[in-house]
Amino acid sequence: MNNMVSQHWDSHISRSGRVRRPPRFAAVIGRLASATALACLLGVSAADAGEINYPSFQWTEPTYGAFMKELKADFEKNNPGIKVKDTFIPYSSFADQMFVDISSGNAPDVLTAFDPDFKRYIDADLLEPLNPYLDAAGLKLEDFIAPEQLAVSNGKIYGIPFASNPRALFVNTQMLKSAGLELPKNFEDFQKIVKALRDPKQQTFGLALSAYSGSASQQFLEYAPIVASFGARFFTDGKPSADTPEMLKALTFYKSVVDQNLVPKGAKFEVFRPMFVNGKIAMYAAGPFMAAVTQAGNLETYKNITTVPLMLGNGKPITVTSFLAIPKSSQNKEETAKFLMTLLQEKWQGRLVELASVIPGRKNMIPAAYLKSNPWFETFNTLASEAVSYAPAGVEQYGSDIIAIIGKRIEAMLFGGVSAQDTTKLIQSDLVAFMATKR
């Protein structure tokens, strides 16, 4: 995800699909369901025999799209009689349309879904187990990066990780050097940089951190790496855990930097990411896509960036992962499985890294030459083996609703005068009440 389109995708998961459903969800579902029913009445199938219907909003992206089109062309060349239908669906409607189509029996051959939404497909028994295909390809569960566990249920593997974006800290070393500061090694160093590099006259900041009203899902992906770094988790093993000392420390820090205007308050990521690119912000927690964004926008800044793990406490890094799966009602399972197994070949895993600057699904697939020419990527390569999903642990299928609940309380803390301590208690109470409705 090394372009502005990918940033949009990465920041809205829904990104799920989506972390938060759009307004008037029932109306949207009704319209989509009607469209699906009409297609069935007209005899329009998701794909013809020998044609793999692969819908995605990524087909038009410069990075993911370039990779997918290159893979498609090579696959079709080596497999005469099989075509990959590159169906484009806008991001805004993608996640909801996929669930409606698949649950209504009008499924495509390839499903793309993100951390919070993938488990709901498993729970609804809508996916084909991939074990036979993986066994035939000589691939085992331990060959995949850590988020793969989200795609496993009762020993069956229902999806493969397409790409993962662990969060690490991007640092503009020139800004630190000019202020006589060194790379942060702990929370105290981090705080010092945040305060020292705030200059209202020059409009420079030590840190980019989301702080505006609305867009709960979008903002969650911006502050979640910080919260997780403190060792705070909103859920632990499927149970709410928002009222811990770690959470209090994380939210106290969050509220303090916003209250003191130490971050670009009121600015959305469309604003503060370019600020980082243009040398106005020294530190930003983001996925590896941010390096390519910086390279494309400002070569001088790119020359001065480095990456380090976020080390604000004893927490684990988080990651955002997209999964690929085969719906049970797919009309071309064998052909689709062959396509997915091709994608998992070493050649294509490495090519994904080169074109999209992401962690591929299989372990140890980062080309040595890529690491040598992109030293900033080594941090993400290291974090990939330990990063955990940003979705609420143990209740990923409720991610959209949970993130919306958390977002309301975070907004009240940042702009409504609610203390960090009260916010931890209120979030915990809300999450306990929400989970009581799921029993």
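1. A pair to look at first: helix H3 (residues 64–78) and helix H14 (residues 333–343) have axes that come within 11 Å and cross at roughly 120 degrees. Because oblique covers the angles left over once roughly parallel, roughly perpendicular (65 to 115) and roughly antiparallel (over 145) are set aside, H3 is oblique to H14. The crossing of H3 past H14 is right-handed. Please keep in mind here and below that this is a predicted model.

2. Which residues bring H3 and H14 together? From H3 come Phe-67, Leu-71 and Phe-75, and they meet Glu-335, Lys-338, Phe-339, Thr-342 and Leu-343 of H14. Sorted by class, this contact holds 5 nonpolar, 1 polar and 2 charged residues.

3. Now for H18 and H19. Helix H18 (residues 399–415) packs on helix H19 (residues 420–436) at about 155 degrees, and their axes lie 10 Å apart. Since an angle over 145 degrees counts as roughly antiparallel, H18 is roughly antiparallel to H19. Here, too, there is a handedness to note: H18 passes H19 in a right-handed crossing.

4. The H18 side of that contact consists of Asp-401, Ile-402, Ile-405, Ile-406, Arg-409, Ile-410 and Met-413. Facing them in H19 are Ala-420, Thr-423, Leu-426, Ile-427, Asp-430, Leu-431 and Phe-434. The class count is 10 nonpolar, 1 polar and 3 charged residues.

5. How are H4 and H5 oriented to each other, parallel or antiparallel? Helix H4 (residues 91–103) and helix H5 (residues 115–123) pack at about 5 degrees, with 12 Å between their axes. Angles under 35 degrees count as roughly parallel, so H4 and H5 are roughly parallel to each other. In this contact Ala-95, Met-98, Phe-99 and Ile-102 of H4 meet Asp-117, Arg-120 and Tyr-121 of H5. These residues divide into 5 nonpolar, no polar and 2 charged.

6. The largest cavity holds about 50 Å³ of space. Its lining is made up of Leu-169, Pro-184, Asn-186 and Phe-190, together with Val-308, Pro-309, Leu-310, Met-311 and Leu-312. By class, 8 of the lining residues are nonpolar and 1 is polar, with no charged residues.

How values were computed. Residues numbered from 1 in each chain as written. Predicted model: local features only at pLDDT ≥ 70, side-chain atom pairs only at ≥ 80, totals over all residues. Heavy atoms only, no water. 1 Å grid on protein atoms, 1.4 Å probe; cavity = no way out; pocket = protein on both sides within 12 Å on 5 of 7 lines; lining within 4 Å. Points joined across faces, edges and corners; volume = space filled by probe spheres on them. Nonpolar A, V, L, I, M, F, W, Y, C, P; charged D, E, K, R; others polar. Axes fitted to C-alpha atoms, helices over the stretch in contact; angles between N-to-C directions. Helix = DSSP H or I, 4+ residues; strand = E, 2+ residues; numbered from the N terminus. Left-handed = near helix turned anticlockwise from the far one by under 90°. Contact = heavy atoms within 4.5 Å.
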